[in-house]
Amino acid sequence: METLEPGISFATAAQQELWFAQQLNPAMSNNISGYLDIAADIQIDHLLDAVSQAFRESPSLAVNFRPDGSSLLQLERELGDWQPTFRDLSGLADPEARAHELMESVLLEPFDLRREALFKAIVIRISPRRVFVCAVFHHIVIDGAGVAIIAARVVEIYNNRIEGSVPAAVAYATPRDIAQVDRDYRESDRFEGDKNFWSNYIDDSVEPIRIAGTPDAAQVFRVRTSLDTSVNLLVAIDDAARSVGVSISEFVAASIDVALYRISGNGRFYTQLSVSNRLGRIKGTPSLLSNVVPVQVEVEGNTGFGEFAQSVSAEMSQVLRHRSYRIADIRRDARMTTDMDSFGPVVNIMPFCGSVPVGDGEAELRGLSIGPTGELSVTFNFDYSLNRGAQVQVDGDVSLFGPADIELLARTILAVLSGVVADPGVRVGEVEILDDRERRRVLEVWNDTAVAVAEATIVE
């Protein structure tokens with residue numbers, strides 16, 4: 001292995017994928033973001049210091065990238081006098097709406113991977129007891145789990161500061177540590193075993209699922225909708241999942257599969273399951289470690305949902321044993337294009353977006369954008385404590401979908417969840433999902449093959 005100077009390390013395979021994607025489309029915002037929604041009496045100076053410390057102590061964030069022959073290098077950089085920005089919008093007529101506009105505008109700004117800091121942070125006062133802490137990163141330095149780690153660290157440092165105590169030190173892995181773990185895997189027998197698994201698993205006769213929509217020219221980056229569930233529904237999902245012997249994540253993934261099947265009429269397709277891939281000594285480091293892996297879905301309308309959920313659980317368990325093998329390698333081995341939609345919609349189950357105590361109130365991580373998602377992605381955010389409701393978030397490519405398309409898909413997923421929770425044994429072709437107006441839209445617009453959809457009423 002080539003020896004590099006101190007402060008320089010090789011990029012991981014995941015980072016090389018993001019670099020390549022950015023070079024293909026330099027204007028594309030390959031960013032990932034989230035914001036802490038804090039309801040408390042906040043001391044702004046302490047909060048700004050907490051954000052600064054949390055970012056500065058994360059070595060994977062303080063890097064730039066440079067190609068070197070056939071390699072891509074990470075170069076450690078100084079952060080100088082970097083500090084989060086503070087904006088007080090509390091005097092405006094609708095400060096929350098203005099805050100969301102501001103955060104969205106920052107999310108859309110591309111980063112220069114070679115020269116500038118690859119993250120931004122804004123602290124926004126909404127009212128005397130409401131503050132947002134928005135963080136935006138280029139996806140090449142962090143994934144969704146890493147954003148959650150940073151957010152939790154901000155809260156920890158802030159709570160320590162207002163109590164007059166010193167935050168416990170963290171021991172994050174360095175970029176060189178992470179690159180070494182990546183290289184060790186790629187030179188291991190496990191890598192070869194994973195390669196063989198995926199070569200045998202991928203079936204090129206399975207057609208990508210496609211859902212037609214109506215683009216909205218007013219949207220500039222992506223179209224998104226987020227629908228909240230009640231805590232009662234989340235508790236019922238947990239109960240129903242236990243009753244059929246699967247986890248919440250597997251139950252929700254199966255429900256999303258049923259929604260896609262009912263909308264498209266396609267009973268055999270792939271989804272792309274987002275996986276954290278956080279293993280061993282680098283597990284708790286805020287960095288880019290995630291991957292997506294194809295999961296083959298086969299569903300028939302007369303199958304009971306519980307039986308189908310068990311089959312999805314078995315399929316997910318099988319592929320997760322080989323989750324370290326990069327999606328770009330899977331596509332290359334299958335002689336597919338680099339199209340990120342080759343295996344269909346991305347499904348992301350994120351069980352860490354609950355509330356945490358901060359000062360005399362609480363904070364919750366919201367609005368997490370998972371970076372470039374291709375044509376379509378579905379994210380389900382929930383808190384393992386089951387103390388709060390969950391959120392279904394659907395993102396779509398603006399060249400393919402409009403807001404009505406994305407909202408309809410989100411409502412369909414929620415309707416499927418409500419239906420299968422009420423009766424986990426219901427046949428998947430009989431789950432009540434649509435009212436008359438929405439059924440016509442599925443038949444006339446989304447489903448080019450005009451596959452019949454069962455009589456149904458959406459569950460509000």
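Which elements do the buried residues of α7 pack against? Hold that for a moment. This is a predicted model.

Overview first. The protein chain has 460 residues, and 55% of them count as buried. The secondary structure comes to 12 helices and 15 strands. Take contacts between residues at least 6 apart in sequence: 77% of those join residues at least 24 apart. The accessible surface is about 19,600 Å², with 48% of that belonging to carbon and sulfur atoms.

Back to α7. The helix covers residues 231-244, so 14 residues by the usual helix assignment. From first C-alpha to last, α7 reaches 20 Å, close to the 20 Å expected at 1.5 Å a residue. The buried set in α7 is L233, L234, I237, D238, A240, A241 and V244. Note the aspartate, D238, in that buried list. And the partners? The buried residues of α7 pack against α8 (248-264), α9 (305-320), β14 (376-381) and α11 (403-422). Just after the helix, G245 takes a positive phi of about 80 degrees.

Now the sheet. There are six strands, in an open arrangement with mixed pairing. The order runs β8-β15-β14-β11-β9-β10. At the edges sit β8 (222-228) and β10 (291-298), each pairing on one side only. Ignoring direction, neighbouring strands are turned by 20 degrees against each other on average.

One pairing in detail. β8 runs antiparallel to β15 (residues 391-397), over seven bridges. Within that pairing, R224 has D395 in β15 as its bridge partner.

α9 touches β9 (268-275) and β10, and its direction makes about 145 degrees with that of β10. α11 touches β8, β14 and β15, and its direction makes about 30 degrees with that of β8.

Last topic, the cores. In soluble globular proteins, nonpolar side chains tend to be buried together. Here, the largest nonpolar core has 74 residues. Which residues have the most contacts inside it? Three phenylalanines: F251, F305 and F380. The largest share of this core comes from α8, with 11 residues.

Look at F305 in the viewer. Setting aside neighbours within four places in sequence, F305 is in contact with F251, A254, S255, V258, V420, P424, G425, V426 and V428. There is also a second, separate core of 62 residues. Among its members are I44, A99, M103 and V358.

Notes. Residues are numbered from 1 along each chain as its sequence is written. This is a predicted model: local features need pLDDT of at least 70, side-chain atom pairs count only at pLDDT 80 or more; totals for chains, interfaces and linings use all residues. Side-chain values use heavy atoms; hydrogens and water are left out. Helices (H or I, at least four residues) and strands (E, at least two) are DSSP runs, numbered from the N terminus. The expected span of a helix is 1.5 Å times one less than its number of residues. Buried means under 20% relative accessible area, exposed over 50%, partly exposed in between (1.4 Å probe, protein chains only). Contact means heavy atoms within 4.5 Å. Accessible areas come from the Shrake-Rupley method with a 1.4 Å probe; for residues, only the protein chains shown count as cover. Two strands pair if DSSP finds at least two bridges between them. Axes are lines fitted to C-alpha atoms, for helices over the stretch in contact, and angles run from 0 to 180 degrees between N-to-C directions. A nonpolar core is a set of buried Ala, Val, Leu, Ile, Met, Phe, Trp, Tyr and Cys residues joined through side-chain atoms within 4.5 Å.
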